[in-house]
Amino acid sequence: MNSDGNPQVIDEELVSFSPADGTVVDRFPIAGAEAVDAAVRTARDAQKWWWELGHAGRRQRLLRLRGEVSRRMPELLALMHAETGKTLSDARTEVATALEHLNWAPKHARRVLGPRRVRTSLVLVDHAAHLEYRPYGVVGVIGPWNYPVLTPLGSIVYALAAGNAVVFKPSEYTPAVGQWLADAFAQIVERPVLQVVQGGGETGAALCRSGVDKLAFTGSTATAKKVYATCAEKMTPVVLECGGKDALIVDHDADVDAAADSALWGGLFNAGQTCIGIERVYVVESVADRFLERLVTRAGELRVGEAPDDQVGPITMPRQIDVIAGHIADAAERGGTFALGGPESVRPPYVHPTIIVDVPEDARAMREETFGPVLIVNRVPDADEALTRANALPYGLGGAVFARSAGMRLARGMKSGMTTVNSTLAFAGMPRLPFGGVGESGFGRIHGEDGLREFAYAKSIARRRLPELFPLLSFKRAEKHNRLIDRLMRIRHR
Ligand code: NAD
């Protein structure tokens, strides 16, 4: 096992390792600023061809890519498992979700983005109004390692469907998965409309400076702030999908059994390394004991390890293990009690399911992303108190509510871009629902109609269609015309 954690730069190459056993998965040349700039130039040429193909041509190719990914799914799952350690089951869920987007975006791009006539206004009735959404040109996509297929494709597919070319920098922890996606695309599409540049933060910063027309970033809030600042140098617009600290609320009338099942899955899916993973649970006092009993029993039955039917895989980034251990220790020092596990849960490269109860709200584990299979459960007197606590952080990514009567009210009151009611994480798999956060979880949207529009700019065209009724847009306007405008405005807006 490489002692400093994966990945490493060896002989100027990026080498990715399996987090489970330390074996080398693959190695890639690192792209410096020149290579990044060259990729962007190539993309700019390819984009012209891609745009001229029209929506039908792009749709046909993207749907063939969908077929290619689904046919070669076992190969992709094995690679994801090797490079991130995630279980095959978790990898399957991720790819299945990504395929839904690969199916939806190309089929709806023309409807959402294509040219349309819109209504004009009373005084400009002699003009026609045309609206269409045009691609930015070249979009840079920077991805994280935790969902190396779903997350970047959430930007890439929508950007491509909107008519852009893409230069993609995968996480340095998952370069092979990123390369696999670009290679699969190259099998289908004749020109380099999707390219990959490999490397770490410096390569990402070079992509921000390369003159791309838009930058889609997914990763931590700390890095997002750097990306935002770098992109500001050239006024490059950004979409930022960042971290979170999502809460799940269990109300007094909730189906407690279902809530425990979902809290566990929402919190420990992908070994807890999920941006929209449940990290905090607020359960109303009257049902807290029942909820905890079910949660702890089920969590204790989860199988941790590398075997094909294991349910919780290793922690992908070795240095994250120290963060998780730190949060567990801090929660314990501040008076939290362990309902399952404890400091001994941390057994690198694994962290065993850990449930901590009644942790003060200012503990690190309550305020910062833990990104491990750790759930904090705090009792609250009622659901409104739960909502106040859920909304108390600067993050606002996702969240969940379990309730019978107040489900939708609580969901609407949650300060987050997405919330599930009586379920967890479901919004990510619905291509019509926009995905993104508020506050320190970022801004802009991927997925859905908003996701398509995120990668296009509105182009408005006002076209004279009739001879001028009176000289509204001209210095020829006389006093009688002003009186006519006054009369019209009184009739219309009185
Ligand atoms: P990270 O911020 O460390 O890295 C993300 C990407 O940014 C990587 O490709 C990295 O090489 C690149 N990068 C690093 N420094 C850079 C710089 N100065 N300029 C440009 N690029 C730079 O995040 P991570 O550890 O890879 O991913 C985990 C984080 O991502 C968590 O915070 C998680 O919540 C978040 N995430 C968010 C979403 C979402 O949709 N909101 C989805 C998945 C993950």
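Domain 1 and domain 2 of this predicted model bury about 1,700 Å² between them, and 58% of that area lies on carbon and sulfur atoms. On the side of domain 1, the residues that lose the most area to domain 2 are Trp145, Tyr147 and Tyr173, which together account for 32% of what that side buries. The domain assignment gives domain 1 as two stretches of the chain, 8-242 and 446-456, while domain 2 is given as 246-426.

**How the two domains meet**

- The C-alpha centres of domain 1 and domain 2 are 30 Å apart, and the contact draws 16 residues from domain 1 and 22 residues from domain 2.
- Helix H3 (73-84) and helix H4 (88-113) are the elements that give two or more residues to the side of domain 1 that touches domain 2, and H3 gives the most, with 3 residues.
- By residue type, the side of domain 1 that touches domain 2 divides into 6 nonpolar, 7 polar and 3 charged residues.

- Ser441 sits in the loop between strand S19 (420-421) and strand S20 (442-443), and Ser441 counts as buried because its relative accessible area is 0%, where the cut-off is under 20%.
- Leaving aside neighbours within four places in sequence, Ser441 is in contact with Leu240, Glu241, Cys242, Gly243 and Gly244, and also with Tyr395, Gly396 and Leu397.
- Ile142 belongs to strand S6, which covers residues 138-142, and Ile142 is likewise buried, with a relative accessible area of 6%.
- Once neighbours within four places in sequence are left aside, the contacts of Ile142 include Lys169, Gly204, Leu207 and Cys208, together with Leu215, Ala216, Phe217 and Thr218.
- Between the C-alpha atoms of Ile142 and His55, two residues that are 87 residues apart along the chain, the separation is 25 Å.

**Backbone features to look at**

- As background for this group, most residues other than glycine have a negative phi, and most peptide bonds are trans.
- The peptide bond that runs from Pro348 to Pro349 is cis, with omega near 5 degrees, and Pro349 is found in the loop between strand S14 (346-347) and strand S15 (350-351).
- Ala271 is not a glycine, yet Ala271 has a positive phi of about 55 degrees, and its place is in the loop between helix H9 (256-268) and strand S12 (278-284).
- Is Ala271 buried or exposed? Ala271 is buried, since its relative accessible area is 1% and the cut-off for that label is under 20%.
- His447, another residue other than glycine, has a positive phi, with a value near 70 degrees, and His447 lies in the loop between S20 and helix H15 (448-454).
- With a relative accessible area of 2%, His447 is buried.

Note on methods
Residues are numbered from 1 along each chain as its sequence is written. This is a predicted model: local features need pLDDT of at least 70, side-chain atom pairs count only at pLDDT 80 or more; totals for chains, interfaces and linings use all residues. Side-chain values use heavy atoms; hydrogens and water are left out. Domain bounds come from an automatic or database domain assignment. Contact means heavy atoms within 4.5 Å. Buried area is the accessible area (1.4 Å probe) that two parts lose on being put together, summed over both. Helices (H or I, at least four residues) and strands (E, at least two) are DSSP runs, numbered from the N terminus. Ala, Val, Leu, Ile, Met, Phe, Trp, Tyr, Cys and Pro count as nonpolar, Asp, Glu, Lys and Arg as charged, and the others, Gly among them, as polar. Buried means under 20% relative accessible area, exposed over 50%, partly exposed in between (1.4 Å probe, protein chains only).
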